[in-house]
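Visitor: Hi, I have a protein model open and would like to walk through it with you. Could we take it piece by piece?

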Amino acid sequence: MYKKQMIAQKVLCLLAVIVSVVVFLYSLGIMTDLYDSLYSTMRNPNDLTQTSVPGSIVYYNMQEFNRVFLVYSIGLILLAVLLFVTNTHTRRRYYIGNYFATGVYVAAGVALSVFAHSYIEIFKGQFLQLDFAALKEHAELWGTLYTESTFWFDAHYGVFGLVILVCVLLAANALWKASLMRQEAKLVEEGRRAEA
């Protein structure tokens with residue numbers, strides 16, 4: 001049983017790093033279409049009311065969120081690496097550091113998912129209120145991207161679904177490890193009593 005659990009913990013720690021990198025890449029890509037289609041609509045970046053496309057301020061509204069989201073995604077990668085620093089991926093017996101690294105990653109992954117989801121849904125709503133007729137006219141006139149697609153907003157369901165899944169599996173793995181360690185301690189204790 002320990003062998004299966006050891007394989008599972010190694011795979012889950014690796015998945016935590018991979019999923020964290022996916023979150024980082026997503027944080028880099030979420031603004032791509034908005035920049036290509038909305039940046040040039042703002043006639044005067046010092047006065048955001050001067051725009052050729054009503055509603056294009058969503059691009060500027062997302063700037064601070066995207067900056068924070070990028071920093072948090074880097075933090076999630078560092079927490080995933082902490083799983084390897086504490087040898088959570090190879091340790092036969094878990095110690096406080098292993099439980100701490102797992103708990104902190106799980107808490108951060110869930111918190112980041114909730115944080116990002118709530119803001120992305122707000123910005124998606126703002127994006128859908130754009131004057132798409134004016135955006136299309138602007139795109140044809142200036143040769144910029146025209147899109148009504150909400151792909152980058154909707155992609156967060158998949159990205160953070162993976163994060164939550166890995167967090168649940170890491171927590172379950174820690175509970176499984178604790179259970180196996182208790183069973184092993186019980187067998188050792190019974191063996192000592194039998195020898196006495």
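Visitor: Let's start with N66: is it buried or exposed?

Guide: This is a predicted model, and in it N66 counts as buried because its relative accessible area is 16%, which is under the 20% cut-off for that label.

Visitor: Which element is N66 found in, and which residues does it touch?

Guide: N66 sits in helix α3, which covers residues 58-85. Leaving aside residues up to four places away in sequence, N66 is in contact with S27, I30 and M31.

Visitor: Okay, new topic. How many disulfides are there in the whole structure?

Guide: A search of the whole structure turns up zero disulfides. As background, a disulfide is a covalent bond that links the sulfur atoms of two cysteines.

Visitor: Which residues line the largest cavity?

Guide: The lining is made up of I30, D33, L34, F127, S149, T150, F151, W152 and F153. Two elements, α2 (32-38) and α6 (151-195), each give two or more residues to this lining, and the largest share, three residues, comes from α6.

Visitor: How many of the lining residues are nonpolar, polar or charged?

Guide: The lining of the largest cavity divides into six nonpolar residues, two polar ones and one charged one.

Visitor: Zooming out, how many helices and strands are in the chain?

Guide: The chain has six helices and zero strands. Its radius of gyration is 24 Å, well over the 16 Å that the globule rule gives for 196 residues, so the chain is more spread out than a compact globule.

Visitor: What box do the C-alpha atoms fill?

Guide: Taken along the principal axes, the C-alpha atoms fill a box of roughly 90 × 25 × 20 Å.

Visitor: And what share of the residues is buried?

Guide: Of the 196 residues in the chain, 37% are buried. As for contacts between residues at least 6 apart in sequence, 79% of them join residues at least 24 apart.

Methods
Residues numbered from 1 in each chain as written. Predicted model: local features only at pLDDT ≥ 70, side-chain atom pairs only at ≥ 80, totals over all residues. Heavy atoms only, no water. 1 Å grid on protein atoms, 1.4 Å probe; cavity = no way out; pocket = protein on both sides within 12 Å on 5 of 7 lines; lining within 4 Å. Helix = DSSP H or I, 4+ residues; strand = E, 2+ residues; numbered from the N terminus. Nonpolar A, V, L, I, M, F, W, Y, C, P; charged D, E, K, R; others polar. Buried < 20%, exposed > 50% of the residue type's maximum accessible area, 1.4 Å probe, protein only. Contact = heavy atoms within 4.5 Å. Disulfide = S-S within 2.5 Å. Rg over C-alpha atoms; globule rule 2.2 N^0.38 Å.
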